[in-house]
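Subject: Structure handover and notes

Dear colleague,

I am passing on the structure we spoke about, together with some notes for reading alongside it. Please open it first and keep it in view as you go through the rest of this message.

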Amino acid sequence: MYTHSLTLVRKVTDTLGVSFEDLLARADIDLGLFNAEDTTIPSDRYYRFLDEIVRQTGNQDFGLLSGRVAYIEGFHLYMYLASICNTVKEWINTVPSASNFLGDLLLTQVRLTADHFILEVHFNENSRSARRLVTDHVLSSTAALMDGCSVLPIRPARVDLTYPQPDHTRALNDVFRAPLHFNQPVSALFYDRGILDQTLLHVSTNVYGGVKEELDVFLSDSSWGADAFSVNLYTAIRRQLPSGNCSVNSVAKQLNISSRTLQRRLKERDTSFQHFFQEVKSKLAIRYLENENLNVLDISLLLGYGGPTAFTAAFKSWFGTTPSDYRRRTELPR
């Protein structure tokens, strides 16, 4: 998993008066790993780190606290995605999975039934004592994001948890405000299927709804201007980027034209899909780097990369420098 995920935990340990450096030392995690944004640590050391947190704090609800921090810290990332979507369903199809942040520790899956939209959390390793902290972290941050993205409140209809019922459930009830079911085979959030059609809440258009300004900047460098085709093409690519599966076929399908027609129209404008695609990504990369609320991991996911390493390689091929170096050089004096 990425060391960046531990910086979220640090905000909670500092508040509770526990030494973050001591926790790392006891879990055999090198503090120097935090100097780069693309470093990872083995999952067994992460579990040791969490076990040590529970031992030193005695707080079994630590996962709920870190999930709250993850929601607050990740709000800008998810609302950037909301700015290009109209419904909850569109938004869910673009948001990065929690597994993008927690590496190969777990896998999140979405399942639909006749009545429910279900988000499940599957672990890739055998049961461990610290699993409750990870489960609570992922489910609580997800529940907060779901409730914060829509015009109408979105609350779970049911919450399944794989661990036994703890002695005290007040914090769990306060966070989820839904029936809790313990000792279940899979941890999951259940939502009424109808929420998928709800309208998204586009907060602060100056920050999250700046797509028109962004588009104007992009098209100012093109040779044909902001005609309907180029606007629709840009919007389709931008919407599909976070999935990591954006292609000429998927974009053509969204535009309701054939891939051959898409390529022909691009050829008429003296460009190709690959060139247009790379231009969108490179210009968005610069725009995102100008926002100090987005870290390099966030940006790599917004642009459809599996992590900072692939994004850094691509950015260096575009601009001859790394994203971190670019951000340092262009940072305004305080």
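This is a predicted model: local features need pLDDT of at least 70, side-chain atom pairs count only at pLDDT 80 or more; totals for chains, interfaces and linings use all residues.

Residues are numbered from 1 along each chain as its sequence is written, and side-chain values use heavy atoms, with hydrogens and water left out.

The protein chain has 17 helices and five strands, where helices (H or I, at least four residues) and strands (E, at least two) are DSSP runs numbered from the N terminus. Of its 334 residues, 49% count as buried; buried means under 20% relative accessible area, exposed means over 50%, and partly exposed lies in between, with a 1.4 Å probe and protein chains only. Among contacts (heavy atoms within 4.5 Å) between residues at least 6 apart in sequence, 66% join residues at least 24 apart.

Two packed helices are described by the angle between their axes and the distance between the axes. Axes here are lines fitted to C-alpha atoms, for helices over the stretch in contact, and angles run from 0 to 180 degrees between N-to-C directions.

Helix α3 and helix α7 (residues 131-149) pack at an angle of about 95 degrees, with their axes 9 Å apart. The two are therefore roughly perpendicular, on a scale where angles under 35 degrees count as roughly parallel, over 145 as roughly antiparallel, 65 to 115 as roughly perpendicular and the rest as oblique. Tyr46, Tyr47, Leu50 and Val54 of α3 meet Arg131, Leu133 and Val134 of α7 in this contact. By class, these residues are six nonpolar, no polar and one charged, with Ala, Val, Leu, Ile, Met, Phe, Trp, Tyr, Cys and Pro counted as nonpolar, Asp, Glu, Lys and Arg as charged, and the others, Gly among them, as polar.

Helix α14 (residues 273-289) packs against helix α17 (residues 323-330) at about 50 degrees, with the axes 10 Å apart, which makes α14 oblique to α17. On the α14 side the contact involves Ile286, Tyr288 and Leu289, and on the α17 side Pro323, Tyr326 and Arg327, giving five nonpolar, no polar and one charged residues.

Leaving aside residues up to four places away in sequence, Ile53 touches Val9, Thr13, Leu23, Gly58 and Phe62.

Glu120, in strand β2 (residues 116-123), is also a buried residue, at a relative accessible area of 10%. Its side chain makes a polar contact of 2.9 Å with the side chain of Arg111, and another of 2.9 Å joins the side chains of Glu120 and His122. A polar contact is a pair of N or O atoms within 3.5 Å; within protein, one must be able to donate a hydrogen and the other to accept it, and residues adjacent in sequence count only if both atoms are side-chain atoms.

Finally, Asn183, in the loop between β4 (180-181) and β5 (187-192), has a positive phi of about 55 degrees although it is not a glycine, and it counts as exposed at 55% relative accessibility.

Best wishes
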